[in-house]
Amino acid sequence: MAEQKHIVETVKVGIIESIRGTGEVVDAAVETVSGTLVHTLKSTGAVGAALTGTVSDVLRGAILGTAHIGADIGGAAKGGVIGVIRGTREVGVEAMESIGAGARAVVKGTAEVGGDLGSAARSAVEGSIVGAKELGLRAEEAASAAASGAIKGAGEVSAAAGEEVRRAVTGVIAGVKVVVKEPFKSEERKAR
């Protein structure tokens, strides 16, 4: 728990300083998230649940820091997911699970600060597409992972948030058709 709080706070302070220094939210998020992930993953060797927890902590810190200074949460969401893709790639970790965890954290962090969940989720999906294309990954797969993670995070906030995010991330985003892989649990599907 102390390590988690330390990562969140470190990223929050780092992104505040970076945005204040440059005024550029997306680039600040990319660099802060990527750098923190690479450093943390190399020093801890985190895998599995520890890896997704680290991704979540880093992105939560990015969203909290961005909101703290009143900057664009959507830019932080987009840059944060690009940073996750770059950072996990640099340390040799499979990106798709991290993308989903990152988008989930973006939505939950945005809810924590009272931001626009649909906009943050859509920006996270956009970031997954940009990051995937940049590194030669399948953009459709990355977008699907981000959309599914965002919907999962929103569903943990409330049913209404889940529906808002589902609407925001369904369809074509940045020229890529987004297909949500885990729309509902089987019991919920039967009830509809």
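A residue counts as buried when its relative accessible area is under 20%. By that cut-off threonine 40 is buried, because its relative accessible area is 8%. This is a predicted model. Threonine 40 sits in helix H2. Beyond residues up to four places away in sequence, threonine 40 touches Ile7, Gly45 and Thr54.

Serine 34 also belongs to helix H2. Its relative accessible area is 9%, so serine 34 is buried. Setting aside neighbours within four places in sequence, serine 34 is in contact with Ala29, Gly83, Arg86 and Gly87.

Is histidine 39 buried or exposed? Histidine 39 lies in helix H2. Its relative accessibility is 57%, so histidine 39 counts as exposed. The cut-off for exposed is over 50%.

## H2 against H3

Two packed helices are described by the angle between their axes and the distance between the axes. Helix H2 covers residues 25–44, and helix H3 covers residues 49–68. Their axes come within 10 Å and cross at roughly 150°. Angles over 145 degrees count as roughly antiparallel, so H2 is roughly antiparallel to H3. The crossing of H2 and H3 is right-handed.

Which residues of H2 and H3 make the contact? H2 contributes Val25, Val33, Thr36, Leu37, Thr40 and Leu41. H3 contributes Leu51, Thr54, Val55, Val58, Leu59, Ala62 and Thr66. The residues of this contact divide into 9 nonpolar, 4 polar and no charged. Threonine 40 is on the H2 list, and one of the residues it touches is Thr54.

## H3 and its end

H3 has 20 residues. From its first C-alpha to its last, H3 reaches 28 Å. That is close to the 28 Å expected at 1.5 Å a residue. Just after H3, glycine 70 takes a positive phi of about 75°.

## H3 against H4

Helix H4 spans residues 73–90. H3 and H4 pack at an angle of about 155°, and their axes are 9 Å apart. H3 is therefore roughly antiparallel to H4. H3 passes H4 in a right-handed crossing.

From H3, the contact uses Val55, Leu59, Ala62, Ile63, Thr66 and Ala67. From H4, the contact uses Ile73, Ala76, Ala77, Gly80, Val81 and Val84. These residues divide into 10 nonpolar, 2 polar and no charged.

## H5 against H7

Helix H5 runs over residues 95–112, and helix H7 over residues 139–157. Their axes come within 7 Å and cross at roughly 35°. H5 passes H7 in a right-handed crossing.

On the H5 side, the residues are Met96, Ile99, Gly100, Ala103, Arg104, Val107, Lys108 and Ala111. In H7 they meet Glu141, Ala142, Ala145, Ala146, Gly149, Ala150, Lys152, Gly153, Ala154, Glu156 and Val157. How many of the contact residues of H5 with H7 are charged? The contact residues divide into 11 nonpolar, 3 polar and 5 charged.

## Alanine 111

Alanine 111 is found in helix H5. Its relative accessible area is 29%, so alanine 111 is partly exposed. Leaving aside neighbours within four places in sequence, alanine 111 is in contact with Leu117 and Val157. Val157 is among the H7 residues that meet H5.

The C-alpha atoms of alanine 111 and valine 38 are separated by 26 Å. These two residues are 73 apart along the chain.

Most residues other than glycine have a negative phi. What is phi of alanine 174 near? The value is near 50°, which is positive in a residue other than glycine.

Alanine 174 lies in the loop between strand S1 (171–173) and strand S2 (176–178). Its relative accessible area is 52%, so alanine 174 is exposed.

Methods
Residues numbered from 1 in each chain as written. Predicted model: local features only at pLDDT ≥ 70, side-chain atom pairs only at ≥ 80, totals over all residues. Heavy atoms only, no water. Axes fitted to C-alpha atoms, helices over the stretch in contact; angles between N-to-C directions. Helix = DSSP H or I, 4+ residues; strand = E, 2+ residues; numbered from the N terminus. Parallel < 35°, antiparallel > 145°, perpendicular 65-115°, else oblique. Left-handed = near helix turned anticlockwise from the far one by under 90°. Contact = heavy atoms within 4.5 Å. Nonpolar A, V, L, I, M, F, W, Y, C, P; charged D, E, K, R; others polar. Expected span 1.5 Å × (residues − 1). Buried < 20%, exposed > 50% of the residue type's maximum accessible area, 1.4 Å probe, protein only.
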